[in-house]
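Subject: Structure handover

Hello,

Here is the structure for your files. My notes on the sheet and the ligand site follow below.

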Amino acid sequence: MTLGPAHLRTRLTLWYTSVFGAILLIFIVAATLLLRWQLSSELLRYEVQDMETAEGLLYFTPTGALTIDQRYHNSLQDEMLVHRLMQVMTPEGRILFRNPRLGDLPLGGAPFPREGFHVYNPRTIRLANGVPVLLISHIHSINGKTLLIRIAYSLLPVEEQVRISRDILVLAFFPTLLLAGVGIYRLTLKALLPLEKMATAAEQITADQLSRRLAVENPGDELGHMARVLNGLLARLEASFEHLKRFTADASHELRTPLACLRVAGEVALEKHRSAEEYRETVESMLEEVMRLTHLVDRLLLISRADAGQIALNRTTFCWMDLVQEAVALVGVLADERLQTIDISGDPSIQVYADRYVLRHAMLNLLENAVKYSPEGSTIGLRLSRRADQMAEFSVIDQGPGVPEEDREKIFDRFFRSDSGRARDAGGDGLGLAIARWAVGANGGRLGLAAMETRGSRFFIQLPAHQR
Ligand code: ADP
């Protein structure tokens, strides 16, 4: 669930405006603090300068009272002098002099240890009348007497100036924020427009219009990238839809032929009265066709489950030669019928990590094909070897007709049968190699047909060899 406004542009505007507002506020606070620091530093500089001037102007009257020469005027410091607050004490704290502007007000409390020695100890205090001042202290000697001089200036003008600047900034804050908000909204609107267009175009693409593509307006930016990604997705969807359509059409076609045979066999049998023997023959041939159909439906189911990713593999590590023997035991009867010899050779120590059942399925398919397509009395060679690239390889070599160059890859397509295999008596449905290739691929291996210089074919299965 998303919280807040539904439109992305509103959310983005709110988000960016808030961030901008926060940055603006931080800027105002920082600018105010900086201004105060700058004005205070300037004041301090004047004060230190004034301290030196005042020290030069202090003198003891013949009666022993301490006073200051008021006649001195420096055009630069005129105004400063008017505002100067000054108090002179003994280092023990006895007040010797306060200038008229300070009057009776104490300027700071009792002296603290080493106050004004070599440094000015600048500090901010509040006078008894509440006025904040910047106070500095300095030790000075006149006629051999050590004096602690304190000079202060009111911070009220500084604060006033800071307040005015802050008020101006705060006043400008809201219109600036509003302007920024409008600007960001318009910008987001413009930036998101291609997205809206893309969504509208995508909405109009239905299952039967998968060949349509989205317009890629700005190939270089993120939205252009997204359009290309979506177009890629559409292309893949179109391909799998096509694949599915072809598969359904091929499967229906394959199912139609045995069903038609069944119907014709039944109709012919019922045309006239027949003997029990004839009925038995018809039923037998019908049963054979039903078995063929069942086998086909089983394979179709296996393919659709594999396509849907519903087949969970149970992979274990085992000796591949054991599985070769197992497969030969199952196919041996068929080979015996055709007086074929199966010659096994190879490294019995090779181990692989795979689903035994699924891999055996693929191997059986290669073996059955070899038996089916090789001439009677020929030899079928099974080889198990370790390749240089850490792969283990199982090959089935037969002395059959081989596969024409142009059909080398096609034989792995679903429902493909080359002309020699198309004869129904071979009993093929063109699904065996497609299933076998899936089975080997699911186990991380590769199934292929090697190029042969002599007659016959060599089909191979390569799997990563298990390293002990
Ligand atoms: P089928 O059930 O028709 O054998 P396959 O997918 O197993 O289906 O094989 C597809 C086609 O590949 C076969 O129709 C045949 O033409 C060809 N083929 C497969 N194995 C061999 C082989 N050992 N020798 C010659 N052709 C083969």
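Two strands count as paired if DSSP finds at least two bridges between them. Strands (E, at least two residues) and helices (H or I, at least four) are DSSP runs, numbered from the N terminus. The model is predicted: local features need pLDDT of at least 70, side-chain atom pairs count only at pLDDT 80 or more, and totals for chains, interfaces and linings use all residues. Residues are numbered from 1 along each chain as its sequence is written, and side-chain values use heavy atoms, with hydrogens and water left out.

The sheet

Five strands form an open sheet with antiparallel pairing, in the order β4-β3-β7-β6-β5. β4 (95–98) and β5 (123–126) are the edges; each has a single partner strand, so one side of each has no neighbour in the sheet. On average, neighbouring strands are turned by 30 degrees against each other, direction ignored. Axes here are lines fitted to C-alpha atoms, for helices over the stretch in contact, and angles run from 0 to 180 degrees between N-to-C directions.

β6 (residues 132–142) and β7 (residues 145–154) run antiparallel, joined by 10 bridges. In this pair, I136 stands opposite I151 in β7. β3 and β4 are also antiparallel, with three bridges. There, V88 stands opposite F97 in β4. Their hairpin has five residues between the strands, and G93 takes a positive phi near 115 degrees.

Helix α1 (residues 8–57) lies across β3 (85–89), β6 and β7. Contact means heavy atoms within 4.5 Å. α1 runs at about 30 degrees to β6.

The ligand site

Which residues come nearest to the ligand? Of the 20 around it, they are N369, Y373, D398, S418 and L433. A residue is near if one of its heavy atoms lies within 4 Å. The shell divides into seven nonpolar, nine polar and four charged residues. Nonpolar means Ala, Val, Leu, Ile, Met, Phe, Trp, Tyr, Cys and Pro; charged means Asp, Glu, Lys and Arg; the others, Gly among them, are polar.

α7 (356–373), α9 (432–442) and β14 (457–464) each supply at least two shell residues. α7 gives the most, with four.

Now the polar atoms. An N or O atom in the D398 side chain is 2.8 Å from a ligand nitrogen. A polar backbone atom of L433 is 2.8 Å from a ligand oxygen. A polar side-chain atom of S457 lies 3.4 Å from a ligand nitrogen. The cut-off for such N or O pairs is within 3.5 Å. Taken alone, the ligand exposes 530 Å², and the protein buries 99% of that (Shrake-Rupley method, 1.4 Å probe).

Best wishes

How values were computed. Polar contact = N/O pair within 3.5 Å; in protein donor to acceptor, adjacent residues only side chain to side chain.
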